[in-house]
Amino acid sequence: MIGDLTGILKSQPEIALFLVLAIGYAVGQIRFGPIQLGGICGTLIASLVVGQLGITLDDSVKNVFFMLFIFALGYAGGPQFFANLDAKGLRLGLLCLVEVVVVLALVLGATFLLSLDQGTAAGLMAGAATESAVVGTATDAISKLALPLSDIQQLQANVVTAYSITYVFGLIAIVVVTSQVFPLLLRVDLRAEADKLWKTMGGGGDDPDAASATPEMVGRVFQVTVGRGRTVGELTTIFGGQAHIERVMRRGQSLAVEPTLRLQAFDQVLAIGRRAALVNVAELLGREFADTTAFDAVVETTEVVVNRREWFGRELRVLDAALPPAVQIVGLARDGNVMPLLHDVKLQRGDVLKLYAPVPDMNKALPLVGDRVVVSTRSNISFAAMGILLGVFIGGFSVKLGGIPFSLGTGGGALLTGLAFGWYQAKNPHRLSVPPDALALMKDLGLATFIACVGLASGPQALSLIKKFGIALPLVGVAVAVVPATISLFVGHRLLKLEAPVLLGAIAGQQCSTPALSAVQNAAGNATPLLGYTITYAISNVVLPLMGPLIVALAGVVHAAK
């Protein structure tokens, strides 16, 4: 039975590929408390096991899917990466610098002390730093070394094996220290600090996630009784910008809504805004009126990308005050993350605001903020293909740094063009490009398939590396994950004076660890850690993959010098 299955998989390796993907993502969804391996690590483990049968796929499959992944990674992160190249972003970028320098130093130290080869060193860096993209850029760099094919294959196998060993331990370590240990070292009640920051920045006392789960924007009609004599301006003041009077009907006639308009008995009033602001309006005006046939006002919810320069670095409250009174800001997203809707949140290029307003007011608001986000399921394949093609061309160039030949490789080149093309798209959101859902599929399927191909090819050599280093690699992996995070904790707290929730979120971001962010948010009780996470994640997610070729080159020098 096993022999028949092995024969089928060897004759049709594409079946093995999808088998590995299915098993890997199923394993990756299993949760152990706050720890979840994720589909990529699960796929790697499954491919190493299945790879023991000696099943391999053509290298072209691996290369194509890796280029899709790395370009999509840069494309998705481009807007936020360039948006964070300002004073605040570079300030938090100091933590990313700590991450890169300390990780490189520790990995090179381990390379010297444990006599690690280039592949094992690169895998150690990728796993302990929980940055899967380093596997791809390092593997690509190894393929260009002037070594026999058998040696290159062994080094590439060591990248994957070392990554699989150290990733699990690095992931567990960073989740535990950011959410449990670091708050103790800071001597703070993280939940209390997060709640204080939330209120300081203009948030209410409610859980933002619970609030966003209900449709809070509503329109309600009231028949004026107790509110006769009040003016529209008085009601606008009472609403505090959370709602407005959209229409007033008197004896079947629609009146011009102006601040000086004084309501009379039996007027019918349409109020639009946040549910919390309208819940007690009946006490101000009169009973809610059921017959709304005369009120045909059309409201819409629209996403708009912030690309007007005057708003970059300005607080959300400033933009809110500049919009027409009828326009409500009901959502803010940054780099795919839903941000807390706080008055003091500073806007960045590429932020996506969700606006709610009557159509005429929406048409006035859009030019003030930026461009309407094009909602389309169609992908501009030509645009993406040109970006990947240009990246491959750029990656082919090589220069010598200190006598060491260094090139970005296919991965680094595609990453850079992805950044540039993503930035261009953020500046021109009205043009058809690659929708976010398509980008997500390119990233997930591209990386998972690449990892599966490499894991299948590396299966037979994996056991030898595990036997050679034993417990040493996991221990070094924990150190590589924890030491830079600890230094960043000191730098962020003492030097940058960051609030605890923002600092812990930034540390999770410098490690590119979404599980760590989730654990910190759970401990904090709200979304304030995202304020630090999005900045460091955007920077590290670009810089760390570029370290793949560098660690291969430097580890080669250290290994040769010993």
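User: Which conventions apply to the numbering and to a predicted model?

Analyst: Residues are numbered from 1 along each chain as its sequence is written. In this predicted model, local features need pLDDT of at least 70, side-chain atom pairs count only at pLDDT 80 or more, and totals for chains, interfaces and linings use all residues, while side-chain values use heavy atoms, with hydrogens and water left out.

User: In what order do the four strands of the open sheet lie?

Analyst: Strands are DSSP runs (E, at least two residues), numbered from the N terminus, and two strands pair if DSSP finds at least two bridges between them. Here the order is β3-β6-β4-β5, with antiparallel pairing. The edge strands, β3 (217–223) and β5 (253–255), each pair on one side only.

User: How many bridges join β3 to β6?

Analyst: Seven bridges link β3 to the antiparallel strand β6 (residues 268–274). V221 is placed opposite L270 in β6.

User: Which residues touch the most other members of the largest nonpolar core?

Analyst: In soluble globular proteins, nonpolar side chains tend to be buried together. A nonpolar core is a set of buried Ala, Val, Leu, Ile, Met, Phe, Trp, Tyr and Cys residues joined through side-chain atoms within 4.5 Å; buried means under 20% relative accessible area (1.4 Å probe, protein chains only). In this structure, L353 and L355 touch the most other members of the largest core, which has 137 residues. Apart from it lies another core of 16 residues, including V218 and L278.

User: What share of the protein is buried?

Analyst: Buried residues make up 53% of the 562 residues.

Terms used. Buried means under 20% relative accessible area, exposed over 50%, partly exposed in between (1.4 Å probe, protein chains only).
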